[in-house]
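Subject: Structure handover

Hello,

Here is the structure I promised to pass on. Please open it first, then read the notes below.

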Protein chains: 2
Amino acid sequence: MAYTYDYPRPAVTVDCVVFGLDPTDCLQVLLIQRWLDPFAGQWALPGGFVRHQEGLVQAAHRELREETGIADLFLEQLQAYGQPQRDPRGHTVTVAFYALVNLWNYQVRAATDAKQARWWPMDRLPALAFDHDVIVQDAIATLRTTIRHRPIGFELLPAKFTLTQLQRLYETVLARPFDKRNFRKKLLKLDILVALDEKETNVAHRAAQLYRFDQAKYLERQQTEFNFDL
Amino acid sequence: MAYTYDYPRPAVTVDCVVFGLDPTDCLQVLLIQRWLDPFAGQWALPGGFVRHQEGLVQAAHRELREETGIADLFLEQLQAYGQPQRDPRGHTVTVAFYALVNLWNYQVRAATDAKQARWWPMDRLPALAFDHDVIVQDAIATLRTTIRHRPIGFELLPAKFTLTQLQRLYETVLARPFDKRNFRKKLLKLDILVALDEKETNVAHRAAQLYRFDQAKYLERQQTEFNFDL
DNA sequence: GCAAAAGTGTTCCCAGTACACCCATGT
DNA sequence: ACATGGGTGTACTGGGAACACTTTTGC
């Protein structure tokens, strides 16, 4: 089968920078090991060619499902990369996405996947294929700005979480410490968290209050010129 | 001539949302009228197909030069749009850019261009071809956030400008009033503007001090955790 | 001299920051 | 009883917001 066009066309791919928060509070990126040339054996972002009549977001979700088994995750476009030399096979434009997953659900799955997918700590990534190192750096920068302005951090945590978990998440992503009292004051005043009738269990210290993020409340506040801004 | 591939490929285009500031302080968008189907006769964003081995930014600049005569302008990627139905001719992915020009230079040029390019006031755009209305709305949203965090507003003004012009620019883009004294205080304290040895001339009122934006100073400040944030 | 915009300082308030101790739970 | 993290309040400070009059220029 062949497909013919009047003018040359670049290939179009999608690539995903998937972030997950380790139980030890280290931000991880999901990579897959390439089988085929170019860059056989090297690590790369999960992704692949956009199919005929397939949307970009749809393609990103499909590739993630196929290559890592992950479905139903937060996924948003980063930007397109189109330097003509970025792929040695020929002119290829890739649309990069960044995604956030709750590692409490997916931790085992990806590690044992047949396609050799693995989580790597953000600050100790291996050499990456193509221009994927640039894409990862851009994704980290975007994650850092976005997490300060929109409540996407919750995507990295389980549905029920403690304020300390949330604080550590912000400290990890932004690589800077927060004052415990000020952090709690700020977040509770935003009035987008709901205290559950539940506490931590089986911890060797005072059990912490569990909270959940209230999307509906956030959307209300959203209207009335309110800003998240951590 | 024909080009053949093993798998179908979407076409790849670029589209540019070019903003200019009218002398009457109205934000304008540059549109071109289409000659050919689909959407013949309708207004659309300047743009077109990415050529073989051509970078995305390069393609955007080329199309702008060809279709509107504008060169050397601020241009940054917005995002890619790839809904399969967005182009009736077939699966087409477009990478959208937004651009800023100083209308004091380009005002006449675009209006008299052979390809029927025209500036339209942002709030009274005609119906647009493809999904270009969505792209324009996204570009406006991005412009509004970006102009508050990075000093890109100066791209819309002549090299020498008054503080009142700058204030009106922000008021126009953000569609909200600023207090004159507070605005000046804030901007001058940032220390990225340089007062010139020059004043306005031929105005029927007290002549205003002219300033220019000092890119070098901005880059210095940039390092030392300083934020623009208007 | 009048119309039109330039230019300039002070007060108030809120939000961010810094900071230290007691409490609950499991071992 | 002890180790571990959970949970809480206050004082200070700096930046944003509100606000009105004098100055300069061309006509």
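Start at the DNA. An N or O atom in the side chain of N182(A) is 2.9 Å from a base nitrogen of DNA strand C. That is a polar contact (a pair of N or O atoms within 3.5 Å; within protein, one must be able to donate a hydrogen and the other to accept it, and residues adjacent in sequence count only if both atoms are side-chain atoms). For K180(B), a side-chain N or O atom is 2.7 Å from a base nitrogen of DNA strand C.

Some ground rules. This is a predicted model, in which local features need pLDDT of at least 70 and side-chain atom pairs count only at pLDDT 80 or more, while totals for chains, interfaces and linings use all residues. Residues are numbered from 1 along each chain as its sequence is written, chains are lettered from A and ligands numbered from 1 in the order in which they are written, and side-chain values use heavy atoms, with hydrogens and water left out.

Back to DNA strand C. There are 20 residues around it, and V203(A), T164(B), K180(B), R184(B) and Q209(B) come nearest. The surface near DNA strand C has 10 charged, 5 polar and 5 nonpolar residues. Here Asp, Glu, Lys and Arg count as charged; Ala, Val, Leu, Ile, Met, Phe, Trp, Tyr, Cys and Pro as nonpolar; the others, Gly among them, as polar. Helix α5 (180–190) of chain A and α5 (180–190) of chain B each supply at least two residues of that surface. Helices (H or I, at least four residues) and strands (E, at least two) are DSSP runs, numbered from the N terminus.

Next, salt bridges (a side-chain nitrogen of Lys or Arg within 4 Å of a carboxyl oxygen of Asp or Glu). The count over all chains is 24. R62(A) pairs with E66(A), with the closest N and O atoms 3.3 Å apart. The two sit 4 residues apart in helix α1 (residues 56–68) of chain A, so about one helical turn separates them. R62(A) is buried at 7% relative accessible area, while E66(A) is partly exposed at 35%. Buried means under 20%, exposed over 50%, partly exposed in between (1.4 Å probe, protein chains only).

In chain B, R62(B) bridges to E54(B) at 2.6 Å between the closest N and O atoms. Both residues are buried. K160(B) and E198(B) meet at 2.9 Å, N to O. This pair links distant parts of the chain, 38 residues apart: K160(B) is in the loop between α3 (132–149) and α4 (163–174), E198(B) in strand β9 (residues 193–199).

Last, the backbone. Most residues other than glycine have a negative phi, and most peptide bonds are trans. A cis peptide bond joins D37(A) and P38(A), with omega about -5°. D37(B) and P38(B) are also joined by a cis bond, omega about -5°. F39(A) has a positive phi near 70° and lies in the loop between β3 and β4 of chain A. D72(B) has a positive phi of about 55°. D72(B) is exposed, at 75% relative accessible area.

Best wishes

Notes:
A residue is near a molecule or strand if one of its heavy atoms lies within 4 Å of it.
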